[in-house]
Each structure stands twice: as structure tokens, then as C-alpha cells.
Amino acid sequence: MKKILLAATALSSLAMAAQAQNVNICVEGAYPPFSSTEASGDVVGFDIDIANALAAEMGMEATMVKTDWDGIIPALLEGKCDAIIASMSITEERKQVIDFSAKYYNSPAGFIGAEGMMADMLDGKVVGVQRGTIHQDFMEGEFPNVELRLYGSQDEVYLDLTAGRIDAAMGDSIAMDDGFLSTDAGADYAFFGEMYSVPQYHGEGAGVGVRQDDTELRDKFSAAILAIRASGEYASINDKYFEIDIYGGE
Amino acid sequence: MENLIEYTPLLLRGAVTTISLALAALVMATLLGSLGAIGKISGGRMTRALVFAYTTIVRGVPDLVLILLIYFGGQRLINIAGKAMGVEYIELSKFWAGVAAIGFIYGAYLTETFRGAYMTVPAGQREAAMSMGMRPLQVLRAVTLPQLIRFALPGYANVWQVLIKSTAVVSVIGLEDLVGLANDAGKSVREPFLFFTAVFFAYLFFTWVSQSIFNAAERRYALKEHSDAV
């Protein structure tokens with residue numbers, strides 16, 4: 001028994017030495033342009049480029065672990081990956097289970113609807129949001145007179161918006177602009193009302209999620225984000241996907 | 001449409017995962033179902049109670065809950081056990097977690113299918129064979145099993161059709177099956193309808209192929225008995 005244990009310890013320390021240079025990162029693959037699946041099955045997008053840049057900055061090799069959004073926090077907690085880079089907003093609620101680095105971007109939230117829709121017409125109307133997001137919390141807190149409809153993904157929100165089942169949708173401005181308004185399906189739709197960035201709901205932006213006891217890794221990610229901001233690496237990735245700098249305020 | 005053609009190899013890879021998962025789960029379900037049926041028919045009190053608990057719990061809990069429990073809960077157990085033994089992280093495979101969950105669930109349904117088929121073979125036939133001097137195993141092989149298979153086939157085919165569809169729930173643990181990949185691809189190129197339509201036809205195709213196979217099997221077992229009787 002002792003021998004087996006010794007062998008197992010030796011094996012595991014070997015594995016640790018090999019893993020030291022590698023960091024497994026949970027990504028989603030269904031949230032363009034941040035994270036999408038290519039025909040080859042590879043995941044590409046802003047989140048993935050940022051993940052690779054951060055890992056390189058930290059002197060590590062990143063391996064992408066594609067995970068369904070609904071299972072992404074459990075996957076981190078059970079060690080399927082070491083970090084989540086999936087446009088996940090930093091919120092108090094999530095902080096009770098996992099920890100976050102500093103933000104790596106922060107884009108405002110807004111409403112979209114058919115052309116001609118106005119913010120003062122919202123009372124009693126049906127608004128779609130993706131379930132379990134900050135946008136759901138924001139709508140519940142700030143627009144109690146609106147009927148909310150919850151969806152598993154942002155695309156189902158768009159499908160029901162074009163089908164006329166909902167009057168408007170609330171979500172991230174970049175994701176909705178890129179994912180819907182600038183596509184053929186979104187031709188007759190537009191942003192209306194204000195853009196919102198309320199810290200109480202919208203928080204500090206999207207950060208890298210890590211397990212609560214991984215403070216060292218968390219701090220490394222935070223430092224790496226500032227480093228790629230300073231080196232211009234961030235700007236070159238940003239410009240590949242967006243017209244504006246999505247980092248938000250410094 | 002171009003997008004769909006471009007993504008076809010990826011979707012085919014997903015279809016292969018779906019089918020291998022379903023077949024592996026069917027093998028496991030068949031084993032569990034046979035054991036369950038034997039336990040229910042000829043087991044002692046304890047065995048019968050155990051099988052009863054198995055079929056009741058499994059048939060009462062949604063597939064999704066069981067799969068999440070087995071994949072994430074199983075990983076937690078492995079992590080805890082690993083830590084206690086000083087072993088580094090051991091990964092629980094998504095594929096085998098999916099097979100375990102679906103096989104475990106449909107084993108419960110097959111238990112009832114097999115038990116029902118066994119009950120349909122008249123006890124008088126077994127008694128007659130025994131009185132001719134045949135041993136229990138001979139009776140099983142020559143009298144009970146051929147008829148049991150015949151009676152069980154329609155129910156078995158039915159369970160298979162439901163099983164292959166229920167493999168779609170494994171995409172929640174990130175396994176890249178047909179539905180999971182079509183979902184990701186559809187969202188990535190923003191044509192979810194197109195990709196789900198493709199999935200619709202793929203599943204219809206699976207159903208059609210399995211139906212043909214089971215029809216052939218049913219004919220085989222029906223004919224054989226007919227010609228034996230003549």
C-alpha cells in the first residue's frame with residue numbers, strides 16, 4: 001500500500017510539474033463575437049484572444065475547455081478548469097461562490113425594440129432577457145411594471161423578438177449590436193432609451209472567474225490585464241472585433 | 001445554407017458522439033435491466049426491495065437532474081477521495097458520465113420491459129418443459145428466451161427511441177453531441193433555426209433507421225417461431 005501511495009505521489013508531482021505551465025480556461029463558444037464555435041469545432045473570439053494574451057503574459061499556456069453556460073461555474077468549482085473567461089460579469093451574487101480578477105471589459109446595457117419603440121411606452125409591455133444575467137436583476141429592480149420573459153440564451157431572445165412574442169429586449173449593448181442589430185434579422189430594430197451602467201446591477205464589468213482559494217492566480221490575472229492594456233496588446237485585440245474601446249473607464 | 005454545409009463535418013462529429021453515447025448507454029441499460037428483471041422475478045426480499053427502490057427513484061427523477069448529479073456530484077466525490085489519498089486531480093470523462101447517467105436511467109425502464117415480457121410467457125410452458133426432463137437452463141434457452149425476446153422487442157424498441165432522444169441533455173455538461181454542437185454553431189453564425197432544422201431531420205433519420213432494424217428483428221423472431229411450430 002505504501003508503495004502504491006508513494007508511486008501515486010511521485011506521479012502526481014510529475015503531473016504538477018507538467019501542469020505548472022498550463023492553465024485550463026472555461027469558455028462558452030456560443031456568444032459571438034466574444035466566443036463562438038468555428039466549423040472546425042475550435043472556439044474563437046474576443047474572450048479567447050484575451051485568454052491567450054493573458055496566459056502568455058503570465059508565462060503560461062492556455063487550454064480552452066468548452067463548457068455550456070449553465071454548467072460553467074460548477075465546472076470551475078469541480079476543477080474541470082482553473083479560470084472562466086466567458087464575458088462573465090463580476091457580481092456580488094457570483095462572488096459568494098467564486099472570485100474574480102479585475103475587469104477585462106465593461107460595456108453598457110440597453111434596450112432594443114422595433115423601430116419607433118420608446119422608453120416611455122415600456123409599462124405593461126413584455127421584455128425578454130437572458131436568464132441568470134445581470135440584465136434580469138436590473139429589469140426586476142428598476143422596471144417592476146414591465147412583464148419579464150426569461151430565456152436560456154440571447155439568441156432565443158432575438159428569435160422571440162422577431163416573432164413578435166416580446167416587445168423589447170434588454171441586454172449588453174455590444175452583444176446585441178453585433179449579434180442582432182447589425183444582422184439581416186435585426187434590420188428593422190434599433191436601440192431605444194438610455195444606455196445603463198448602474199454599478200449596483202451592472203457591476204464592475206466582466207472579469208476572469210477563479211476559485212475562491214486561488215488568490216494567487218486571481219492576482220496574476222489582474223496584473224496581466226493591466227499589463228496587456230499598457231503594452232497595446234489589448235488595443236490590437238479590441239480593434240479586431242469592435243469599433244470602440246470596450247474596456248470602459250480605467 | 002452555406003453555413004450549414006461548412007459546419008456539416010462538425011455536425012457529423014456530433015452525430016457520431018450522439019450515436020456512440022446512445023449505443024453504449026443501451027448496452028449498460030440492457031445489462032441493468034436484465035439484472036433488475038431477474039432480481040424482481042426470482043430475487044429474495046432484499047433484492048426485490050432494492051430493485052423496487054431503483055426503478056421507483058429513477059423513473060421519478062428528471063434525466064437532467066440525474067446527469068448533473070452524476071457528472072458534477074461524481075467529480076466532487078472523486079476530488080474528495082483523491083485529496084484524501086494525496087492524488088492530484090482526476091478528470092471524470094464527460095462521455096462516460098453521460099453513458100452512466102443515461103444507462104442508469106433506462107435500465108430502470110428496461111427492468112419493467114423485461115419483467116413484463118417474462119410474465120407474458122405462460123408458466124405452463126416452463127412447467128411442461130421441466131416435466132419433459134429439461135434442466136432450468138435448457139428451459140430458459142429453448143423455451144423462455146426466444147419468446148421473451150419476441151415479447152420484449154416492441155417495448156425495447158420504444159425505450160431505445162426515447163433513449164436516443166434523451167442523449168440531448170448531455171450537452172448541458174459540455175459534451176459535444178449533435179444537439180450541443182448544433183446549438184453552438186447555430187448561435188455562432190446566428191442561424192439557430194437552420195441548425196435546429198438540420199438536427200430535426202438528423203433525429204428523424206436515426207428514428208427511421210432504428211425502426212427498420214427493429215422491424216427486421218421482430219420479423220426474424222416472429223418467423224422463427226412460426227416455422228418451428230409448423
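In chain A of this predicted model, strands β2, β3 and β4 form an open sheet, arranged in the order β2-β3-β4 with antiparallel pairing. The edge positions belong to β2 (30-31) and β4 (43-44) of chain A; each has a single partner strand, so one side of each is left without a neighbour in the sheet.

The pairing of β2(A) with β3(A) can be followed at the level of residues. Strand β3 of chain A covers residues 35-37, and two bridges join β2(A) to β3(A), the two strands running antiparallel. Across this pair, Tyr31(A) stands opposite Ser35(A), which belongs to β3(A).

The next topic is the contact between the chains. Chain A contributes 26 residues to this contact and chain B contributes 24 residues. On the side of chain A that touches chain B, at least two residues come from each of α1 (2-19), β3 and α6 (154-162) of chain A. The largest share of that side is six residues, supplied by α1(A). Sorted by class, the side of chain A that touches chain B consists of nine nonpolar, twelve polar and five charged residues.

Chain A can also be viewed by domain. Domain 1 of chain A is made of two segments, 2-106 + 205-241, while domain 2 spans 109-202. A distance of 29 Å separates the C-alpha centres of domain 1 and domain 2 of chain A. Where these domains touch, six residues of domain 1 of chain A are in contact with five residues of domain 2 of chain A. The domain 1 side of this contact in chain A has four nonpolar and two polar residues, and no charged residues.

Definitions and conventions: Residues are numbered from 1 along each chain as its sequence is written. Chains are lettered from A and ligands numbered from 1 in the order in which they are written. This is a predicted model: local features need pLDDT of at least 70, side-chain atom pairs count only at pLDDT 80 or more; totals for chains, interfaces and linings use all residues. Two strands pair if DSSP finds at least two bridges between them. Helices (H or I, at least four residues) and strands (E, at least two) are DSSP runs, numbered from the N terminus. Two residues are in contact if their C-beta atoms, placed from the backbone, lie within 7 Å. Ala, Val, Leu, Ile, Met, Phe, Trp, Tyr, Cys and Pro count as nonpolar, Asp, Glu, Lys and Arg as charged, and the others, Gly among them, as polar. Domain bounds come from an automatic or database domain assignment.
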